[in-house]
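Have a look at the coordinates first.

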Amino acid sequence: MDKNQELYYDEIDSLRRFRAKIETHAIYKEDLDAFSDEYEELVAQAKVITRVSDRLQKKLDNANMQIREQNEEIKDKNVQLADTVTQLAKAKVGRKASTILLTVAVILFILEQLLLEPIIDTYFDTQFVSLGILGVLFLIIKFSEGALESYFMNQEKKKILAKEQNNQ
C-alpha cells in the first residue's frame, strides 16, 4: 500500500502490526500502552475534525439559506419588473391608440361638418340629426379605442416574445 494513496496509512499499518502481534500471542504491556496512546490520539483528532466539520457545515447551511433568500428576493424583483414593463407597455399602447383615435375623430368631425352638415341642413330643420350623427361617431370611436389598444398590446407581446426567443 502506497503512503500517498491512503489517508490513514500510518494508522492502518499500526493496526495491522498490532493484530499480527495478537495472532502470534506476542503482545506485551508496552504494545498495549502504545496502541492505547495511538487510539487516544486518533479520538482527539476525530473530535477536532468533527468540530471543524460542524463549523463548516453551519457556515455552508447559512450560506445556502442566504442564497435561498436572495433567490426569493430576485424572483420578487423579477415579478415587479415584469409588472412594470407591462404597465409601461400599456401606457405606451394607450397613448398610441388615443393619438390615432383623436386624429380619426378630428378628421371625422371635419368631414361631418364639411360634407354631411350641408346635406342635413337641406333636408332637416333641426340640429338634432347632426348632433345624433356626432354622438354615434363618438361612440364608435370610444368603443374602437379598446379594440385598438388590445391590438397594439398583442403586437407588443409578440415583439417581447420574439426578443426573448432571439436572446435564448
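Which residues are exposed on the other side of helix 1? They are R16, R19 and E23, where exposed means over 50% relative accessible area, buried under 20% and partly exposed in between (1.4 Å probe, protein chains only).

## Ground rules

This is a predicted model, where local features need pLDDT of at least 70 and side-chain atom pairs count only at pLDDT 80 or more, while totals for chains, interfaces and linings use all residues. Residues are numbered from 1 along each chain as its sequence is written, and side-chain values use heavy atoms, with hydrogens and water left out.

Helices here are DSSP runs (H or I, at least four residues), numbered from the N terminus. Helix 1 has 15 residues and spans 21 Å from first to last C-alpha, close to the expected 21 Å; that expectation is 1.5 Å times one less than the number of residues.

The buried residues of this helix are D13, S14 and F18. They cover an arc of only 135 degrees around the axis, so they sit on the same side of helix 1; the arc is taken from the directions from the helix axis to the C-beta atoms. Helix 2 is included in what covers them. After helix 1 comes H25, with a positive phi near 55 degrees.

## Rings

The whole structure holds 2 aromatic pairs. Rings of Phe, Tyr and Trp (its six-membered ring) pair if their centres lie within 6.5 Å, with planes under 30 degrees apart called stacked, over 60 edge-to-face and the rest tilted. F18 and F35 are stacked, at 4.1 Å centre to centre and 10 degrees between the planes. This pair links helix 1 (residues 9-23) to helix 2 (residues 29-123), its partners being 17 residues apart. F18 is buried at 11% relative accessible area, whereas F35 is partly exposed at 25%.

Y151 and F152 have ring centres 5.7 Å apart and planes at 55 degrees, so this pair is tilted. Y151 is partly exposed at 48%, while F152 is buried at 11%. The charged end of K96 sits over the ring of F152, 4.6 Å from its centre (the criterion is NZ of Lys or CZ of Arg within 6 Å of the ring centre and within 35 degrees of the ring normal).

## A buried glutamate

E112 lies in helix 2 and is buried, with a relative accessible area of 1%. Leaving out residues up to four places away in sequence, E112 touches E117, I120, S130, I133, L134 and L137, contact meaning heavy atoms within 4.5 Å.

Key
Helices (H or I, at least four residues) and strands (E, at least two) are DSSP runs, numbered from the N terminus.
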